[in-house]
Amino acid sequence: MSRRPRIVVLDDWERSFRRLGDWRAIDAAADVTIHHVPLRGEALLAALREADAIVLMRDRTPFGADLLAQLPKLRFLAYTGTRNNALDSAALQARGIPVHHTEWGPSKSATCELTWALILGAVKQVAAASARLRAGGWRSEAAEPLAPVLHGQRLGLIGLGEIGGRVAAVGRAFGMDVVTWSPHMTEARALQHGASAVSLDELLATSAVVSLHLVPSAETRHLINAERLATMRSDGVLVNTSRASLVDTDALVAALKQGRPGAAALDVFDAEPLAADHPLREAPNLLLTPHLGFVVEPVFQRFASGITAGLAAWLAQG
């Protein structure tokens, strides 16, 4: 009797796959192990070594040729979403391993909503006010600047794709002056979203809020570096719900300590989960969320149903 296929699921931090997917047919035909914490190094290899099929949650665990070479039993791989920049597709193709991915769901809208939650949270100093109130206080005991009003202020969007365009629409609804820059931005494209195309230098120097919405590339790595951070307004806010590689993290920590920009809000990090002793956790005027941009019920419902459908189809092929 041949052994049952072994399926290993990585990085289900939200414990959503079982809750949102129907695994009955898969459990009847295969042995399934779902990991809820990040695995690296020997722990990762030990978890995957006997796997016939592997499921990846987006790009939380890099899957390159070196790892693949140590998994001779692997016959099928699936991942959530429609793009995985940490997956060596060429190596999988060379081994003849079929790859399945899910659809996205409303992730663009979800990320836009979180972007504005971070913008408003940082600008209106929500976390600090809530902490003060919970600690028994009311107003600050120090004379300090009060929260500004966004109406009439400038919103600078670095990138104006599907998410950036949504963020621009909300900015216009708030009565903000929306400007944009990207490596290939044109005035015509900007105007389609009610924005004006400006240089990156102007955007950084004049915007009350700068929000990043670029697809990362070699050219945009650390686009926001120490030199550019120093040009931002002392009352400006930098928001990143896109990719951590767009910002030089060490430079941002130093810049916040120096007060320019005045505040920042981040949902993405160079290594996730964020290390307990990471300097970002102690940086001043910084609002942090644990990469929640796409982590919403409708998206994860689409992930779970797409993964179970893909696994069921693979198992049915024998």
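What share of the contacts in the protein with a separation of 6 or more comes from residues 24 or more positions apart? The answer is 63%, where a contact means heavy atoms within 4.5 Å. The structure is a predicted model, in which local features need pLDDT of at least 70 and side-chain atom pairs count only at pLDDT 80 or more, while totals for chains, interfaces and linings use all residues. Residues are numbered from 1 along each chain as its sequence is written, and side-chain values use heavy atoms, with hydrogens and water left out.

The C-alpha trace spans about 75 × 50 × 30 Å along its principal axes. Of the 318 residues, 46% count as buried, that is, under 20% relative accessible area with a 1.4 Å probe and protein chains only.

The protein contains 13 helices and 12 strands, taken as DSSP runs numbered from the N terminus (helices H or I, at least four residues; strands E, at least two). Seven of the strands make up an open parallel sheet, ordered E8-E7-E6-E9-E10-E11-E12. At its edges are E8 (196-197) and E12 (286-288), each pairing on one side only; two strands pair if DSSP finds at least two bridges between them. Within this sheet, E10 (residues 237-240) and E11 (residues 263-266) run parallel and are joined by four bridges, and Val237 has Ala263 in E11 as its bridge partner.

Helix H6 (residues 107-123) lies across E6 (154-158), E9 (209-212), E10, E11 and E12. The helix runs at about 155° to E10, with axes fitted to C-alpha atoms, for helices over the stretch in contact, and angles from 0 to 180 degrees between N-to-C directions.

Conventions
Buried means under 20% relative accessible area, exposed over 50%, partly exposed in between (1.4 Å probe, protein chains only).
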